[in-house]
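Please look through the notes that follow with the structure open beside them.

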Amino acid sequence: MSFVLHSDFKPSGDQPEAINSLVKGIMDGKRAQTLLGVTGSGKTFTMANIIERVQRPTLVLAHNKTLAGQLYAEFKELFPENAVEYFISYYDYYQPEAYIAATDTYIEKDSSINDEIDRMRHEATKSLLTRDDVIIVASVSCIYGIGEKEDYLSLALMLETGLEIPMDTVMGQLINMQYTRNDFDLVRGSFRRKGDIIDIWTPDSEHTLTRISFFGDEIDKISYVDAITGKTEFTKDYIELFPASHYATGRAKLNKAIDRIEAELEVRLNELREAGDMIAAYRLEQRTRYDMDMLRETGFCKGIENYSRHIAGREEGEPPCTLMDFFPDDFLLFIDESHQTIPQVGAMYNGDRSRKDMLVQYGFRLPSAYDNRPLRFPEFEERMGQTVFVSATPADYENEHSEQIVEQMIRPTGLLEPEIFVRPVEGQIEDILAELKAQKERGDKSLIMTLTKRMAEDLTDFLKKENIRVTYLHSDIKTVERMQILNQLRNDEIDVIVGINLLREGIDLPEVSLLMILDADKEGFLRSERSLIQIIGRCARNDHGRVILYADEVTDSMMRAVSETNRRRNIQQEYNKANNITPKTIKKAVRDVFDIVAENSKDSGTKSRGKGAKGGIDATRLINDGVSGGTEEDNKKLIDKLTAEMTKAAKDLDFEKAAEIRDIIIELKGKK
């Protein structure tokens, strides 16, 4: 199928020019380009139009799960007829294996896998191997090894009606593909036999079973049935089944891998014994031989990924197979928020390597465990294909490698970049007070940026004495409290938030019309050109946004940030004038996660946002006091309800909401 974009909107502003320029660059064979788009200019819509025009499988890379979830939802809506898939780390909780030599502490790997995300990962790889109209939205975890593509393909099972094949043969092949037989409780990655029928719940299926009906040794019918009702949804003449695990491999290849593991073990044991480290040698031999026994018997062992180099037949140091290897050679890559995503990709290898150094040195893992790793950055670059970097503030890497930088500065809402004023440090406190009082009279909200936590707290204490409704926000504030503080600002319970860099990106506060930056002339990460532009952008959602920079001198970073902001402002002003557009502040509903708490309290006799009945949870106290519960029984009921709500949020890909509820649960458990 072809990519077909569905939307009630057409490209507007400078979107058509940006789309045409980037598409032409792709068609001309440009290796890398940059879409420099301001917040609110519709960069995602531009990417979607490029995909429709170019008609190539596409990978959209984001730097965290929350952003990836938002992009997935948007692309899913824009391309309902095509395969829009989601590929992120499938761990709800992950504690990597580690060893701390100073305290002789071994930390075993502990994790909780999200079954729904695991299903979506399998659906992503299956789509890439079976169709061309595929968009994968992925986090940077996609540069980790996931097993060999060739093994995954070679184990695929092709079945068709009329094929003569014994049922036992089919079941044996399913077991080789890492499916488990379970005749009583069918789950994803398992199968069951009932008479002449084999039901298979493939790892990519949400609620549909694949039913293979036999007549003797011949496949009579292939149908898809609902896993709960058993109702037949549709039938097919042909089906292709993929392995239940990305790490599945054939028995002959696995036996060779075991021989290679054995050879490496002998070499490493000799090294440790010659060095006199008998404890590490004993530890390594016991663990590795147990793993080899498990591989011989079941084809799998705990921590099998640490032997991925041997299973794949790769040589030492060779890069692992990742999601990017499942794409065809002509795929298109968008790197969203590239100024953050690119550095994160570059840092992942070194972090993984340093942790494994201790495990290998002290005999917990063979040296081949090093090759279970993310891609090195040069290896990532080799697999990038044609790339479009997307950012409001491209970094040096994008600027140096892009053959073309395309700007998208027009917001359909007409909103302008804020006006910027530079004022001296002397007398800044008096000036801040005067500005805040004027803001209060207008009913507008303000943000103040400091460089240190101590400064934020001291300034907050001073402003409170001046009868300003203010609070501070920095990294010591828990997630639940942070969200509560932001909602207090939006609900007109406070007028000012004093913060450090937490307000720089990802916080949407349209009520804020004034941002004051202290020590703006202190060059460094928090006051670099790129950081200042991102900070200033926090006021771009209000139709009369202003930014005041307090400084004794105008640094180069300040000069460039102010110049770039004014340039963007002028472009939007000219567009508004030519198209008779009047900017209007964005109206956005206040999203309060504590409504979930109040709603879940109703069953205990508590009215939402009201005082609880006797024996119930006091929702008002939950909100005002942070998180606290009633009796131990009340707390347990509330935790159970919140856990269900958290699971639902994660399944709906609303990871921000899920994380907030998780933190509420943690606090409630601490107060039981």
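1. The model is predicted. In helix H16, the buried residues are Ser531, Leu532, Ile533, Gln534, Ile535 and Ile536. Helix H16 covers residues 529–536, and six of its eight residues are buried, so the rest of the structure largely encloses this helix.

2. What covers the buried residues of H16? Among the covering elements are two helices, H10 (338–361) and H17 (556–579). Strands E20 (419–423), E21 (445–449), E24 (512–517) and E25 (546–550) are also included in the cover.

3. Turning to charged side chains: side chains of opposite charge can pair when their charged atoms come close. How many salt bridges does the count come to? The count comes to 50 salt bridges.

4. Lysine 253 and aspartate 151 meet through their side chains in a salt bridge, at 2.9 Å from N to O. This pair links distant parts of the chain, 102 residues apart: lysine 253 belongs to helix H7 (residues 251–274) and aspartate 151 to helix H5 (residues 149–154).

5. Another salt bridge is formed by arginine 373 and glutamate 379, whose closest N and O atoms are 2.9 Å apart. Arginine 373 counts as buried, at 1% relative accessibility. Glutamate 379 is buried as well, with a relative accessible area of 9%.

6. Arginine 469 pairs with aspartate 492 in a salt bridge, and here the closest N and O atoms are 3.0 Å apart. Where do the two residues lie? Arginine 469 is in the loop between helix H14 (453–465) and strand E22 (470–473), and aspartate 492 is in the loop between helix H15 (479–490) and strand E23 (496–499), so the pair ties together parts that are 23 residues apart in sequence. Arginine 469 counts as partly exposed, at 30% relative accessibility. Aspartate 492 is partly exposed too, with a relative accessible area of 42%.

Terms used:
Residues are numbered from 1 along each chain as its sequence is written. This is a predicted model: local features need pLDDT of at least 70, side-chain atom pairs count only at pLDDT 80 or more; totals for chains, interfaces and linings use all residues. Side-chain values use heavy atoms; hydrogens and water are left out. Buried means under 20% relative accessible area, exposed over 50%, partly exposed in between (1.4 Å probe, protein chains only). Helices (H or I, at least four residues) and strands (E, at least two) are DSSP runs, numbered from the N terminus. Contact means heavy atoms within 4.5 Å. A salt bridge is a side-chain nitrogen of Lys or Arg within 4 Å of a carboxyl oxygen of Asp or Glu.
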